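Here's a quick tour for anyone meeting this structure for the first time. Have a look at the sequence and the fold, then read on.

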Amino acid sequence: MISLKSLTTPPNTQLRNLGWDWMLGQDTLPYLANEVVLVSPTEADAYADAANELFDMYVAAGQYIIDNNRFSELGIPVNLIDLIKLSWDDERHIHLYGRFDLAGGVGGQGGIKLIEFNADTATCLPETAVVQYAHLRANGLDESHQFNAIFETLTSQFEELLALNPDLQPTLLLSAMRDCPEDDANVALLGEAAREAGFEVEFDFIDSVEFSADEGIFWQNPKNGQFEKLDFWFKLIPWESIAEEEPELLQILTEISRKRLGLILNPAYTLLFQSKYILKVLWELYPYHPLLLETALKPLPGKPCVEKVIFGREGANTRILNTDGSERQATEGEYDTYPKIYQHYVDFPQDATGNSYQAGVFYAGEACGLGFRRGGLILDDTSGFVGHLVE
């Protein structure tokens, strides 16, 4: 059973002291718990080892998919394949960061199992990197007693980007969709890490950015109204959405990458990892691996399973099926037109009141941080965030 430790002081003051005032919006704090999950050092190490091993497995699976031209099975739009191959074959296009969602691993409730990899547009960065750290500080606890080196590791990733791309200027534009405060907080944290690494950083919403296949990516400076070229662009917009809804933009981005007019983060090949169909490919390549759950295109005979759409987010359009195929629980969403996969169901660890806990381990070149989502059988956008304490 999950063990919790109550912390009486919220992290508001600490966040202000750290300069993270943007974190104090109502989109972040109301769903933060006033307690932390107790994690042993052995359990924390196991989470890190699992994420490191899983990323290597994902890279092998990605190469297998490319070598065997299995893009259509993964739901990859045809117009994105060229950019996926281009970014995959160029080591300068590093994967900046992502988040592994995992079951088990804590409280003596089963070994670690991969649920999925949020590789393209992973959120929960501010909560995991900053809020849980500040929460310990606010309560007089040693913040080093936490598996949390996200900010430092992201900074190292940005330093690596600069080292690998000396032909590009150290200018970074970060973009998200309008009216998404959670996304704004995530890109703000990335911007702080990039500045620490030596980037000049700007922010603008996607609908204000200008793209040219012959010149690159441009941001309009509000101080003088002039358009300025930036050589690195991070977009918290899913690749499949760009490919499906903005095909002309995708063609421009492909040319920008081909001509070395700019570098896009996360790279296009990240969509191979984001597609939940890769869970089936992983099971093909590593059957019965202790970190994996059996995954197929049809419900697993005689086994409870989870029906997932290959491009769904925040638990939307998910169904839990009993061994006889009957529905145990389901969520609505906007992704129901996508193909589905079926993953063997496994219980999440629970606390004394029956709440389920899913571990999220961030990966940025290496495993670098742990946090927990708390909720019901299906962890969706109503789930809470819970920090942790290693002791």
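## A strand tucked inside

First, one term: a residue counts as buried when its relative accessible area is under 20%. Keep in mind that this is a predicted model.

With that cut-off in hand, take strand S8, which covers residues 216-220. Of its 5 residues, 4 are buried, so the rest of the structure largely encloses S8.

## Neighbours on either side of the sequence

So which strands does S8 pair with? One is S7 (residues 210-212), which lines up antiparallel to S8 over 3 bridges. Ser 212 sits opposite Gly 216 of S8, and the hairpin that links S7 to S8 uses 3 residues.

Another partner is S9, at residues 227-230, which is antiparallel to S8 and joined to it by 4 bridges. Here Gln 220 has Phe 227 of S9 as its bridge partner. S8 and S9 make a hairpin too, with 6 residues between them. In that turn, Gly 225 has a positive phi of about 75°.

## Two helices that cross

Now over to the helices. Packed helix pairs are described by the angle and the distance between their axes. For H2 (residues 41-67) and H10 (residues 278-285), the axes come within 10 Å and cross at roughly 95°. That makes the two helices, H2 and H10, roughly perpendicular.

What kinds of residues make up the contact of H2 with H10? By class, there are 11 nonpolar, no polar and 1 charged. From H2 the contact includes Met 57, Tyr 58 and Ile 65, while H10 brings residues including Ile 278, Leu 282 and Glu 284.

Notes: Residues numbered from 1 in each chain as written. Predicted model: local features only at pLDDT ≥ 70, side-chain atom pairs only at ≥ 80, totals over all residues. Heavy atoms only, no water. Buried < 20%, exposed > 50% of the residue type's maximum accessible area, 1.4 Å probe, protein only. Pairing = 2+ DSSP bridges. Axes fitted to C-alpha atoms, helices over the stretch in contact; angles between N-to-C directions. Parallel < 35°, antiparallel > 145°, perpendicular 65-115°, else oblique. Contact = heavy atoms within 4.5 Å. Nonpolar A, V, L, I, M, F, W, Y, C, P; charged D, E, K, R; others polar.
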